[in-house]
Amino acid sequence: MVERLSVDFVRKLFVMLTSGNAQIKFHTICMQNRNREKAANRPFSFGMKLLGYNIWYRLPLIRDIPVGRKIGKDYLTRCYLRLPVEDLSSEILENPQAVCDVEQSLFLPILSQTSFFEKLEKKLDCDGFAKVRREYQDDTKPLEEIYQKLNQTLSTSFSCETELAMARDNLIPNRYIMRLLDIAAYHDVKIHLVVNSSYPRGFYEELLCRNNIGWDSLSLSCESKKDKVQMVKELGLQHFGVVSADFKHFIRPLQKAGGRPIYYRAPVQLMKDALHPGLSSEFKEQYDAVCGAKVFSGKKRPSFLYELGYLCAGPLIYSLYSFLDADFTVCYAGKYSAFAKMTGSHAVCIMNGERHFPHQAIQVLDPGFDPEGFTVFLEKLKKNHPGVSFRVLSLSQITSRDTHVLHSLFTEERSELNEGVHDFCRDYTKYTGMSSISLQDGVRLYRCGQQNMERELLAVPTGKMQPASSV
């Protein structure tokens with residue numbers, strides 16, 4: 001039956017079934033990546049699954065149900081299996097030119113516009129600023145013009161430089177798309193960048209140069225007074241690739257104008273597509289942005305154990321920082337352990353109770369991996385500090401959870417779980433300005449992944465580390 005259909009008809013049918021909307025497009029790509037030969041070797045099975053995707057992801061009431069996508073419960077990186085960037089580059093190289101949507105593609109914002117303006121309001125210490133700033137937001141007007149109106153309304157004299165400085169820190173460079181454009185430029189594909197923004201040209205040129213991104217043209221809505229689709233059409237391109245995370249408002253209209261779609265579902269959207277435990281809204285927004293940019297960017301595929309460390313154990317360890325900072329803290333842990341590398345100035349990691357510290361109050365963290373050794377360590381520490389007030393913190397008591405899966409963090413044993421925890425703490429510190437995480441949020445994420453962490457660690461030989469898969 002299938003053999004009797006013309007190649008042209010089959011191609012058009014395939015395009016129609018794989019391009020219904022953003023979700024269908026992305027999950028079809030993931031399905032193909034999980035089994036690259038299925039379409040050719042089992043066309044009927046592949047077609048039925050593709051048809052099922054079209055039914056499921058077209059129904060508004062059910063398409064957002066996160067079936068098989070629960071943080072800590074499911075191997076999300078396998079669900080969200082993007083093409084390796086080298087494979088995706090073959091699509092962009094078929095075109096002499098390519099356009100890339102800067103927003104949510106080349107750079108990934110940590111905070112939404114609303115949250116960003118609220119954070120800016122706190123920075124400026126001006127009640128009502130965020131509301132007025134939202135009202136005057138207009139991508140077709142320069143930022144300086146917006147601030148002139150804003151200052152008149154609020155009777156203030158704010159400079160837009162404060163917002164621009166914060167905006168730079170609110171963007172995470174997308175290494176996957178950067179590598180894609182780098183490959184394209186190396187093969188003489190002309191790169192045209194477009195962005196809907198009120199920010200000045202210098203802001204984006206500085207970002208691009210800082211990240212070694214080359215471009216042939218840069219179009220801004222605040223200069224052209226047009227949106228990003230109109231700006232691309234004015235370039236007069238005939239054959240071009242379209243790289244974007246905006247399927248509906250950028251890829252779709254440009255596809256009709258002759259563009260070849262190269263859809264990149266935003267990492268933060270992939271995080272939002274997964275079921276979370278009940279997290280505080282402020283933390284959830286930053287957590288989704290940081291985790292999405294790292295784990296689900298598509299640059300490399302991490303192991304399930306690394307994913308669990310990054311998404312579930314990392315936030316718990318980071319949430320302990322507030323306890324460690326409350327007083328001078330000594331942790332019973334190896335000097336070169338993963339925990340020692342993460343905590344840095346938050347705690348002193350030692351296993352020698354003979355050390356002396358010039359403090360009148362010392363709190364000691366007991367990770368629980370060596371009860372007898374900790375008892376001896378604490379006795380020596382107290383003996384060496386007469387008159388000093390001691391407070392013992394038990395990791396299991398603080399979290400009210402069994403934490404034996406985290407014990408290797410405090411020894412010098414290596415594992416991909418430890419790598420994930422370390423990378424989360426580093427990235428969250430870097431991209432959020434050391435925003436705190438509540439213990440409640442940390443515990444909820446840890447609880448989601450605890451069972452799978454136990455199972456995955458049992459499958460790894462003790463003291464050995466699996467092949468590196470950091471992203």
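Among contacts in the protein between residues at least 6 apart in sequence, what percentage join residues at least 24 apart? The share is 72%, and it is given here for a predicted model. The protein has 471 residues, of which 51% are buried, and its secondary structure comes to 24 helices and 11 strands. Its accessible surface comes to about 22600 Å², and carbon and sulfur atoms account for 51% of that surface.

- In helix 12, which spans residues 201-210, the buried residues are F203, Y204, L207 and L208. Seen down the helix axis, these buried residues fall within an arc of 125°, so they line one face of helix 12.
- The elements that cover the buried residues of helix 12 include strand 2 (107-109), strand 3 (171-173), strand 4 (190-195) and strand 5 (217-220), together with helix 10 (161-169).
- Just after helix 12 comes N212, with a positive phi of about 55°, and this residue has its place in the loop that lies between helix 12 and strand 5. N212 is exposed, with a relative accessible area of 71%.

- Helix 15 covers residues 247-256, and its buried residues are F247, F250, I251 and L254. Around the axis they take up an arc of only 115°, which puts them on the same side of helix 15.
- On the other side of helix 15 are the exposed residues K248, H249 and K256.

**Two pairs of packed helices**

- Two packed helices are described by the angle between their axes and by the distance between the axes.
- Helix 8 (residues 129-136) packs with helix 9 (residues 143-154) at an angle of about 135°, and their axes are 10 Å apart. Helix 8 and helix 9 are therefore oblique to each other, and their crossing is right-handed.
- On the helix 8 side of this pair, the residues in contact are F129, V132, R133 and Y136, which meet L143, I146, Y147, K149, L150, T153 and L154 in helix 9.
- Helix 17 (residues 281-295) packs with helix 18 (residues 304-319) at an angle of about 160°, with 11 Å between their axes. That angle makes helix 17 roughly antiparallel to helix 18, and the crossing of helix 17 and helix 18 is right-handed.
- From helix 17, F283, Y287, V290, C291, K294 and V295 meet Y306, E307, Y310, L311 and P315 in helix 18.

**Residues with a positive phi**

- Most residues other than glycine have a negative phi, and most peptide bonds are trans.
- Q104 is not a glycine, yet it has a positive phi of about 65°. Q104 has its place in the loop between strand 1 (97-101) and strand 2, where it is partly exposed, with a relative accessible area of 26%.

Technical notes
Residues are numbered from 1 along each chain as its sequence is written. This is a predicted model: local features need pLDDT of at least 70, side-chain atom pairs count only at pLDDT 80 or more; totals for chains, interfaces and linings use all residues. Side-chain values use heavy atoms; hydrogens and water are left out. Buried means under 20% relative accessible area, exposed over 50%, partly exposed in between (1.4 Å probe, protein chains only). Helices (H or I, at least four residues) and strands (E, at least two) are DSSP runs, numbered from the N terminus. The arc is that of the directions from the helix axis to the C-beta atoms. Contact means heavy atoms within 4.5 Å. Accessible areas come from the Shrake-Rupley method with a 1.4 Å probe; for residues, only the protein chains shown count as cover. Axes are lines fitted to C-alpha atoms, for helices over the stretch in contact, and angles run from 0 to 180 degrees between N-to-C directions. Angles under 35 degrees count as roughly parallel, over 145 as roughly antiparallel, 65 to 115 as roughly perpendicular and the rest as oblique. A crossing is left-handed if the near helix is turned anticlockwise from the far one by less than a right angle, and right-handed if clockwise.
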